[in-house]
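I opened my notebook to look up a few backbone and packing details. Here are my entries, in the order I made them.

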Amino acid sequence: MEVRPSDIFVTSYPRSGTTWTQELVWMVANDLDYETSNAIPLTERYPFLEFSVFVHPVMMKRFHDENSDSERKIKLLEWVTQPATEQLALMTKQRFIKSHLPLSLLPPDLLDTAKVVYVARDPRDVAVSFYHLNRAMRTQGYIDDFKKYWKFFISDLHHWTPYFEHLKESWEKRNHPNLLFLFYEELSKDLPKAVRRVADFLGKSFTNEEIAKLCEHLSIDNFKNNKSVNYDVMKELGILISDGQSFIRKGKAGGWRDYFDEEMEQEADKWMEKNLRDTDLRFPHLK
Ligand code: A3P
C-alpha cells in the first residue's frame, strides 16, 4: 500500500490498549472534535489493516446469511470485512489506520513517511484479555481454558505472535521522530501525562481543562457506554458472541493475577526474563 505523509498508524500487539490509544490519538489529531467522534464509529475512522484476512470465506457466508434480513447490517458487514487497503485508497482526508502487524510486516517506508503510535502492555494482562476476546470472537473461536491458552501464547502459536519480537521491533525505533512508544500501564497510571505526550508528538497543545475533559471521555466507564468506540457493532453483526464478553472489558492493569497459578506465574517470570535479556525494553510498572 502507498503510505501518505499525513497518515497516522496506531499499532500494537492485540489487547494492549489499541482502542483506547486510537481514540486518544484521533481526538488529539482532530483538535478534540467530540461531535465527529460521537457520530462516526472508530471502525470507520480507523480501517483495520489486516482484519479481512481473518474472516474465512465460510464465516463470511455465515455472517451474510445471519444478517440477510437487514440491508444496513449487510452494508456494515461488507465495510468491516472489506480489505482495508481498498478503503484507504479511496480516502481523501487524513487517514487513521489500525494494525496489529509488527513494523517488519508494515510498508518499509512507513516511519520515513508517516507517524506511528505504538502501544505495549504487560504480556500477562494481554494474554488474559486476548483469551476472553478469542472465546467471544467467532472469527477466532477459542474453546479451551486459560492455562492452555497461555501455553499457546508463550509458544508463539497465536495470531500476531511472537509477542516480544513485536514489541522489540518498535522499541528499537522509539527514538525515531515519527514513532511514539506508549505503555498501557502508563496510560492507566497518568492519563493526562500520556495525552500530553501524544499532543507533543502530533504538534498540538491543549489547556488543562481540555485535557481533563478528554481524560473523562477516555475513561473506561465512558468507553464502555460509548457506542462509537465500544465495538458493539461486532455484536450486532454476530461477529462477537452477543451474550459473551464485551470488547471493552475491565480496563485494569494487573488483573492477570486472578488467572495465573503459581506454576504459571513462575513460567511467566522465566519467559519474560529470557525475552528481556537482550534488550533494554522494560515495562514501566516492573522497573
Ligand atoms: P481488558 O480485557 O484487560 O479489560 P485493544 O483495544 O488493544 O483490543 O485492548 C483491549 C484492552 O484495553 C481491554 O483490556 C480493554 O478493556 C482495555 N481498554 C479499552 N478501553 C479502555 C479504557 N478507556 N481504559 C482502560 N482500558 C481500556
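**Notebook: loops, a strand and the ligand shell**

I began with the loop between strand S1 (8-12) and H1, where arginine 15 lies. I kept in mind that this is a predicted model. Arginine 15 is not a glycine, yet its phi is positive, near 70°. I then checked its surroundings: arginine 15 has 23 C-beta neighbours inside 10 Å, so it counts as buried.

Next I turned to leucine 32, in the loop between H1 and helix H2 (34-39). Leucine 32 also has a positive phi, of about 60°. Buried or partly exposed, I wondered about leucine 32? It counts as partly exposed because it has 16 C-beta neighbours inside 10 Å. I jotted down that most residues other than glycine have a negative phi, and that most peptide bonds are trans.

That sent me to the peptide bond from threonine 161 to proline 162, which is cis, with omega near 5°. Proline 162 sits in the loop between helix H9 (146-154) and helix H10 (163-171).

Then I looked at strand S4 (residues 179-183): five of its five residues are buried, so the rest of the structure largely encloses it. Leu179, Phe181 and Phe183 point one way, and Leu180 and Leu182 the other. S4 pairs with strand S3 (residues 115-120) in the parallel sense over five bridges. In S4, leucine 179 has valine 116 opposite.

Last, I looked up the ligand, which 19 residues surround, the closest being Thr18, Thr19, Ser129, Arg249 and Gly251. Helix H1 (18-29), helix H8 (123-136) and helix H14 (220-225) each give two or more residues to this shell. I sorted the shell into six nonpolar, nine polar and four charged residues.

Key:
Residues numbered from 1 in each chain as written. Predicted model: local features only at pLDDT ≥ 70, side-chain atom pairs only at ≥ 80, totals over all residues. Near = placed C-beta within 6 Å. Helix = DSSP H or I, 4+ residues; strand = E, 2+ residues; numbered from the N terminus. Nonpolar A, V, L, I, M, F, W, Y, C, P; charged D, E, K, R; others polar. Buried ≥ 20, exposed ≤ 12 C-beta atoms within 10 Å, placed from the backbone. Pairing = 2+ DSSP bridges.
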